[in-house]
Amino acid sequence: KGVKKDEKKMVYHLERAAFDGFPAARHNLGVVEEEHGRHDRAVKHYIIAANHGHDHSLATLKKAYKAGLVNKEDFASALRAHQAAVD
C-alpha cells in the first residue's frame, strides 16, 4: 500500500539538489550510501554537508569519529568548516 519507492529517481533528485547547494540533500545521499554499506562514500557526503553548515551531518560525523570511521584530521577540518559556515 501507499507510494512505491523508486530509489533511482530519489537518488537522482537528491543529487540534483545536492549539486545545487542544498546540504540536507547531500546528507541524505550519505544516508543512502550508508544503507548500501558504502561508508567511505557516506562520510564524504556528510563532510561536504557539514562544511556547508548542516548540523545533523556534523553530529553524524562526530558519531562516526567516535566509532573510528573518520580520522581526526577530517573531523577537525569538517568542524572548522562547519563553524565558519554558520558564523
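This is a predicted model: local features need pLDDT of at least 70, side-chain atom pairs count only at pLDDT 80 or more; totals for chains, interfaces and linings use all residues.

With a relative accessibility of 12%, H45 counts as buried, because the cut-off for burial is a relative accessible area under 20%. When neighbours within four places in sequence are left aside, the residues in contact with H45 are R26, L29, G30 and E33.

## The packing of α2 against α3

Helix α2, which covers residues 23-35, packs against helix α3, residues 39-51, at an angle of about 165°, and the axes of the two helices are 8 Å apart. That angle makes α2 roughly antiparallel to α3, since angles over 145 degrees count as such. The crossing in which α2 passes α3 is left-handed.

On the α2 side, the residues that take part are P23, R26, H27, L29, G30, V31, E33 and E34, and they meet H39, R41, A42, H45, Y46, I48 and A49 of α3. Sorted by class, this contact of α2 with α3 holds seven nonpolar, four polar and four charged residues.

One of the α2 residues in this contact is E34, which is partly exposed, with a relative accessible area of 35%. Leaving aside neighbours within four places in sequence, E34 is in contact with H39, A42 and Y46. E34 and D87 lie 53 residues apart in sequence, and their C-alpha atoms are 29 Å apart in space.

## The nonpolar cores

Which residues make up the largest nonpolar core? This core has 11 residues in all, namely A42, V43, Y46, I47, A50, L58, L61, A64, V70, F75 and A78. Helices α3, α4 (55-66) and α5 (72-86) each supply at least two residues of the core, and α3 gives the most, with five residues.

## The packing of α4 against α5

How are α4 and α5 oriented, roughly parallel or roughly antiparallel to each other? These two helices pack at an angle of about 160°, with their axes 10 Å apart, and α4 and α5 are therefore roughly antiparallel to each other. The crossing of α4 and α5 is left-handed.

The α4 residues D55, L58, L61, K62 and Y65 meet K72, F75, A78, L79 and H82 of α5. By class, six nonpolar, one polar and three charged residues take part in this contact of α4 with α5.

## N51 in α3

N51 lies in helix α3 and is partly exposed, with a relative accessible area of 28%. Which residues are in contact with N51, once neighbours within four places in sequence are left aside? They are S77, A78, A81, H82 and A85; among these, A78 and H82 also belong to the α5 residues that α4 meets.

As for the distance between N51 and E33, these residues are 18 residues apart along the chain, and their C-alpha atoms are separated by 18 Å. E33 itself is among the residues in contact with H45.

Methods:
Residues are numbered from 1 along each chain as its sequence is written. Side-chain values use heavy atoms; hydrogens and water are left out. Axes are lines fitted to C-alpha atoms, for helices over the stretch in contact, and angles run from 0 to 180 degrees between N-to-C directions. Helices (H or I, at least four residues) and strands (E, at least two) are DSSP runs, numbered from the N terminus. Angles under 35 degrees count as roughly parallel, over 145 as roughly antiparallel, 65 to 115 as roughly perpendicular and the rest as oblique. A crossing is left-handed if the near helix is turned anticlockwise from the far one by less than a right angle, and right-handed if clockwise. Contact means heavy atoms within 4.5 Å. Ala, Val, Leu, Ile, Met, Phe, Trp, Tyr, Cys and Pro count as nonpolar, Asp, Glu, Lys and Arg as charged, and the others, Gly among them, as polar. A nonpolar core is a set of buried Ala, Val, Leu, Ile, Met, Phe, Trp, Tyr and Cys residues joined through side-chain atoms within 4.5 Å. Buried means under 20% relative accessible area, exposed over 50%, partly exposed in between (1.4 Å probe, protein chains only).
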